[in-house]
Amino acid sequence: MSAGGAFGGNRGARPVPPEKGVFPLDHMHLCDMEKKEYISCLKTSSHKSEICRHLSKKYLECRMAKNLMAKQDMSELGFGKEDNSEISKEESENGTIKAQTS
């Protein structure tokens, strides 16, 4: 007889709660647009998440705004001050370029 539980699990081990706790699923599809943008970006970038990082941040901000997760400082979620979105950087560069050429 084996000492493990079903599927090789340990019957005596206590489950460990997730680090950030439980948060509600988006049953009302309040952040679907942000989620779809992120998934689309992952597909077009060969699943390189660092390229789509700005969309990940946008999705988390949406979840916080809609009370689908606790509001936290973005630095606690792995986004530092230097993690401004690539789009914002491009827009500011383009604005600078346009201002110089006008």
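1. Surface first. The protein exposes about 8,300 Å². Carbon and sulfur atoms supply 56% of that area. Buried residues account for 23% of the 102 residues in the protein. Keep in mind throughout that this is a predicted model.

2. Confidence next. The mean pLDDT of the protein is 75. Of its residues, 58% reach 70 or more. Over residues 85-102, pLDDT stays under 50. For that stretch the model has 5 contacts beyond four places in sequence. Read the end of the chain with those values in view.

3. Overall layout. The protein has 3 helices and 0 strands. Along the sequence the pattern reads α-α-α. Helix α1 covers 32-44 and helix α2 covers residues 53-65. Now look at contacts between residues at least 6 apart in sequence: 48% of them join residues at least 24 apart.

4. Disulfides, the count and the pairing. The structure holds 2 disulfides. How are the bonded cysteines paired when numbered in sequence order? The pairing is 1-4, 2-3. The two bonds are taken one at a time below.

5. The C31 to C62 bond. Here the S to S distance is 2.1 Å. The torsion about the S-S bond is about -90°, so this disulfide is left-handed. What does the pair tie together? C31 sits in the segment before α1, while C62 belongs to helix α2, so the bond links parts that are 31 residues apart in sequence. Are these cysteines buried or exposed? C31 is buried, with a relative accessible area of 0%. C62 is buried too, at 9%. The cut-off for buried is under 20%, so both values qualify.

6. The C41 to C52 bond. The S to S distance is 2.0 Å. The torsion about the S-S bond of C41 and C52 is about -90°, so this disulfide is left-handed. C41 lies in helix α1 and C52 in the loop between α1 and α2, so the pair ties together parts 11 residues apart in sequence. C41 and C52 are both buried.

7. The nonpolar core. In soluble globular proteins, nonpolar side chains tend to be buried together. Which residues form the largest nonpolar core here? There are 5: L60, M64, M69, M74 and F79. Take M64 as a place to start looking. Leaving out residues up to four places away in sequence, M64 touches M69, A70, K71, Q72, M74 and L77.

8. Is A65 buried or exposed? A65 is exposed, with a relative accessible area of 55%. The cut-off for exposed is over 50%, so A65 qualifies. C62, by contrast, is buried at 9%. A65 and L30 are 35 residues apart along the chain, and their C-alpha atoms are separated by 10.0 Å.

9. What to take away. Two left-handed disulfides are present, C31 to C62 and C41 to C52.

Conventions. Residues numbered from 1 in each chain as written. Predicted model: local features only at pLDDT ≥ 70, side-chain atom pairs only at ≥ 80, totals over all residues. Heavy atoms only, no water. Disulfide = S-S within 2.5 Å. Helix = DSSP H or I, 4+ residues; strand = E, 2+ residues; numbered from the N terminus. Buried < 20%, exposed > 50% of the residue type's maximum accessible area, 1.4 Å probe, protein only. Contact = heavy atoms within 4.5 Å. Areas by Shrake-Rupley, 256 points an atom, 1.4 Å probe, with all protein chains shown as cover. pLDDT = per-residue confidence, 0-100. Core = buried A, V, L, I, M, F, W, Y, C linked by side-chain atoms within 4.5 Å.
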